[in-house]
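Please read them with the coordinates open.

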Amino acid sequence: MAQRITIDPVTRIEGHLRVDVEVDGGKVTKAWSSGQMYRGLENILKGRDPRDAWLFVQRICGVCTTVHALASVRSVENALGLEIPYNAQLIRNLVQSIHCLHDHIVHFYALSALDWVDVVSALSADPVKTAALADSLSDWPGNSPKRFAAVKAKVKALVDSGQLGPFANAYWGHAAMKLPPEANLMAVSHYLEALDYQRKATMALAIIGGKNPHIQNLTVGGVTTNINPENQTAVTMERLYYIKQLVEEVSSFIKNVYMVDVVAVGALYAGWIPYGAGVTNYLAAPDMFLDAAGTKADLPGGTVFGGDLKTIKPINVHADAYFKENVQESIAKAWYDGNWSKHPWESTTDPKFTDFQDDGKYTWLKAPRFQGKPMQVGPLAQMVVGYAQGHEMTVKSVNGFLEKVSAVAGTTVGPEALHGTIGRHAARAVRAGMMAISPSNIGASWSRTSPKATMRSSVPGPIPRANSAVSVSTRPRAACCRTGSSSKTGKSKITNVLSPRPGTPGRVTTRTSSVPTRRH
Amino acid sequence: MADTVNKALEPQLDRRGFLKGCTMAAAALGLSEAMIPKLVEAAATAERPRVIWLHFQECTGCTESLLRSSHPDLARLLLDIISLDYHETVMAAAGHQAEKPSRDRGEAPLPPCGRRCHSHQGEWHPLYDRRQDRHGDPQDRGPQSHRHHRHRHLCHLRRGSGGSTESDRRGRRPGSGQRQADRQHPRLSTQPGIFPRHHSPLSDLQKAAGTRQLNRPLFAYGRRIHDHCERRAHFDEGRFVENFGDQYHKLGYCLYKVGCKGPETFSNCPAVRFNDVDVWPVSVGHGCIGCTEPNFWDTMTPFYERLPNVKIPATGIIDSADQIGKTVLGVTAAAVGIHAVVGIGKRLIKGKSEE
């Protein structure tokens with residue numbers, strides 16, 4: 001007799017997610033993943049000035065704000081055939097890379113670590129031994145016995161107070177928690193430090209973006225940020241050095257703490273490596289463009305099917321026909337009127353709630369498909385696609401990371417280990433390391449160009465002509481796609497958003513197994 | 001080199017410090033100042049005040065904002081000041097395990113983000129329904145049930161308009177309509193600009209002596225953006241950006257003509273700024289979008305078109321910025337044509353020498 005388990009809410013995610021599983025004989029036989037919130041941004045955008053859209057869609061998700069914003073302005077630029085200035089492209093890259101630094105740190109420590117780290121177990125750790133363990137992995141100066149003793153005292157005070165707050169009623173002491181007490185104490189200490197370093201990244205982002213989580217320095221046609229060392233209202237060298245310093249501090253944390261902790265978790269939970277592969281079809285969007293036209297991507301895009309790197313097909317630009325023609329979204333299981341699969345620019349969003357139907361509709365999420373297949377998107381997809389194409393930085397970073405895991409685990413771990421939950425963490429850490437290099441490259445680019453030529457006008461009036469648009473980008477945690485068409489009046493006619501944000505249609509990977517959470 | 005040895009780990013709080021902590025906690029969570037005595041009461045015991053944070057139709061931007069809070073920082077807030085007993089984005093437990101501890105808690109302030117989700121026709125209330133479905137008894141819906149009881153201490157500090165503010169107004173005054181950003185049934189959860197004022201909630205809250213309309217505290221909403229904008233002098237002198245990227249944009253002129261809604265928006269953004277790095281949208285060359293004003297998604301769009309009927313002073317500094325505000329709603333004759341001419345004229349006279 002199958003037992004039905006409902007996990008609602010799934011926590012430490014953004015949004016409202018419910019997961020149901022049927023378990024029979026110790027195996028999951030059926031599963032449902034249900035987005036529990038409807039937003040309807042597609043309908044809200046209809047009839048509005050397309051230049052405004054990016055400010056709306058940023059509010060799809062307060063976590064991945066910048067990427068929604070970028071996808072939106074790029075989509076309008078695609079409709080208009082608009083190139084943006086080279087320096088504006090670099091500023092957008094800076095926005096995207098620094099946001100990644102912040103988000104990857106938050107994702108691992110604030111959101112995921114508590115699935116692997118037993119906070120209460122840290123109480124039985126010896127701070128001196130903890131420091132010895134930490135020193136064997138990295139030379140981070142924060143790994144001192146005094147620091148670890150202070151953290152241990154803090155955890156003790158928390159536990160003694162009887163008020164565990166967000167740490168209450170979790171799986172502390174469960175047999176599946178594999179880390180030794182010293183590793184747990186080290187991780188708790190890094191959890192607290194991570195809160196400081198993610199904030200430093202947001203400060204750097206705000207210098208360019210004017211504020212965040214929701215930035216306000218984009219515009220269709222470029223950016224509004226003025227880089228000019230000779231104007232006191234612009235981003236001057238003082239500001240650029242401030243960004244540089246903050247990014248360097250955050251990069252050091254990523255290199256010496258975050259990546260190391262992921263290696264340690266991967267090695268100590270080696271038995272978990274095969275789990276959670278889920279969908280092994282991968283889709284990555286090209287990103288971090290190095291030219292005005294947006295044709296030369298620093299991070300390559302493409303598809304890989306069935307985990308087979310030989311199936312690689314590149315996607316070089318956002319409006320790539322291979323992507324555009326093959327992406328669809330389905331509402332077969334979603335609370336919208338109808339039952340169809342359509343190209344995003346032809347689809348509609350008419351909510352029709354039916355309650356949870358096991359064999360019918362049970363979610364607010366539309367299901368994006370590529371050639372009719374579910375795809376995994378996000379950092380791992382980007383690593384797989386880059387690796388398959390021999391992208392130099394990706395191959396070097398992934399191999400370097402795997403060498404470290406192999407050394408700690410005492411066995412050879414190859415790239416095939418990346419297909420899984422731990423692999424996704426690894427890919428995210430590797431991507432954070434790559435993104436940490438990006439800002440300094442951008443700084444170097446500026447030294448070769450005239451920083452005064454940063455901006456160009458945005459589109460001056462209402463959007464003039466009928467057109468269709470598409471843009472896709474890889475987000476810190478997934479991918480999003482923006483499509484739209486404008487009528488002759490220059491207003492948005494059809495807009496669509498493919499995003500895993502519950503309530504806005506679409507999760508490119510909709511299978512339960514791809515939910516980036518781990519349960520015991 | 002960062003603060004690798006966090007001194008915050010050994011707090012020595014006296015009574016006064018504790019009161020301050022309560023104020024900080026209230027401010028960081030965006031609670032009304034009326035909640036401070038309750039927090040103090042709770043804090044007078046050994047218990048840290050319990051906090052239940054509910055997410056409704058929102059984007060988690062408020063939580064992200066909390067992550068960016070520097071004083072108090074999140075670690076201090078969670079470990080020393082409050083007990084964050086329910087917060088779906090942060091808590092370790094999930095499912096029924098997440099809800100169990102909070103079901104039997106005492107009084108707890110609720111700072112929900114976003115609005116509840118339902119259609120004009122009342123067809124669906126997904127979040128509400130799922131709890132009802134699972135718990136059966138409508139009086140026992142876990143944290144959700146508190147929303148229907150007396151804990152309606154909503155946050156006006158963080159969420160300016162459209163989000164929970166609207167939801168709250170609707171809740172207290174049923175029938176006041178669906179005045180919201182969106183013209184169709186979906187609710188747009190907004191993150192109006194005020195919420196990321198995370199870095200300094202304490203100073204904000206302590207100064208909160210009065211409120212203006214919409215129950216908004218004066219310290220945050222008492223003056224127009226326009227009043228404290230660093231580009232105000234350019235406005236007064238008729239120096240405007242005509243297009244993004246033009247020479248006037250590069251010189252840092254007033255952004256009114258490219259859509260800045262500062263003359264009509266009440267917020268302290270130019271004074272308090274964001275993210276501890278002294279920035280706000282105007283400082284990176286983008287106009288204000290009016291995001292703290294009610295229904296701004298409708299009333300302030302298109303964002304890149306100029307506000308109508310803003311009277312532009314012919315020359316010099318005017319003595320009352322309020323005069324401009326009063327003309328915004330169209331009481332006074334439009335002066336848009338005049339201001340444009342004045343702006344161009346001024347540049348013709350002396351513009352080139354400035355560049």
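1. Start with a helix pair. This is a predicted model. In it, α10(A) and α11(A) are roughly perpendicular to each other. The packing angle is about 115°, and 65 to 115 degrees counts as roughly perpendicular. The axes of the two helices are 8 Å apart. Helix α10 covers residues 379–388 of chain A, and helix α11 covers residues 392–409. The crossing of α10(A) past α11(A) is left-handed.

2. Which residues make the contact of these helices? From α10(A) come A:Met383, A:Gly386 and A:Tyr387. From α11(A) come A:Thr394, A:Val395, A:Val398 and A:Asn399. By type, the residues of the contact of α10(A) with α11(A) are four nonpolar, three polar and no charged.

3. Next, a hairpin in chain A. Strand β2 (residues 17–24) and strand β3 (residues 27–35) of chain A pair in the antiparallel sense, over eight bridges. A:Leu17 has A:Gly35 in β3(A) as its bridge partner. Two residues lie between the strands of this hairpin. A:Gly25 has a positive phi near 60° there.

4. Two backbone points deserve a look on the phi side. Most residues other than glycine have a negative phi. A:Arg12 is not a glycine, yet its phi is positive, at about 55°. A:Arg12 sits in the loop between β1 (3–7) and β2 of chain A. Is A:Arg12 buried or exposed? A:Arg12 counts as buried, because its relative accessibility is 5% and the cut-off is under 20%.

5. B:Thr60 is not a glycine and has a positive phi of about 70°. B:Thr60 belongs to the loop between β1 (50–53) and α3 of chain B. With a relative accessible area of 1%, B:Thr60 is buried.

6. Now the peptide bonds. Most peptide bonds are trans. Where are cis bonds found? The bond from A:Asn212 to A:Pro213 is cis, with omega near 20°. A:Pro213 is in the loop between α7 (181–209) and β4 (218–219) of chain A. In chain B, a cis peptide bond joins B:His71 and B:Pro72, and omega is about 0°. B:Pro72 is in the loop between α3 (61–67) and α4 (74–81) of chain B.

7. Last, chain B as a whole. Chain B contains 17 helices and four strands. Of its 355 residues, 63% count as buried. Among contacts in chain B between residues at least 6 apart in sequence, 73% join residues at least 24 apart.

Notes: Residues are numbered from 1 along each chain as its sequence is written. Chains are lettered from A and ligands numbered from 1 in the order in which they are written. This is a predicted model: local features need pLDDT of at least 70, side-chain atom pairs count only at pLDDT 80 or more; totals for chains, interfaces and linings use all residues. Side-chain values use heavy atoms; hydrogens and water are left out. Two strands pair if DSSP finds at least two bridges between them. Axes are lines fitted to C-alpha atoms, for helices over the stretch in contact, and angles run from 0 to 180 degrees between N-to-C directions. Angles under 35 degrees count as roughly parallel, over 145 as roughly antiparallel, 65 to 115 as roughly perpendicular and the rest as oblique. A crossing is left-handed if the near helix is turned anticlockwise from the far one by less than a right angle, and right-handed if clockwise. Contact means heavy atoms within 4.5 Å. Ala, Val, Leu, Ile, Met, Phe, Trp, Tyr, Cys and Pro count as nonpolar, Asp, Glu, Lys and Arg as charged, and the others, Gly among them, as polar. Buried means under 20% relative accessible area, exposed over 50%, partly exposed in between (1.4 Å probe, protein chains only).
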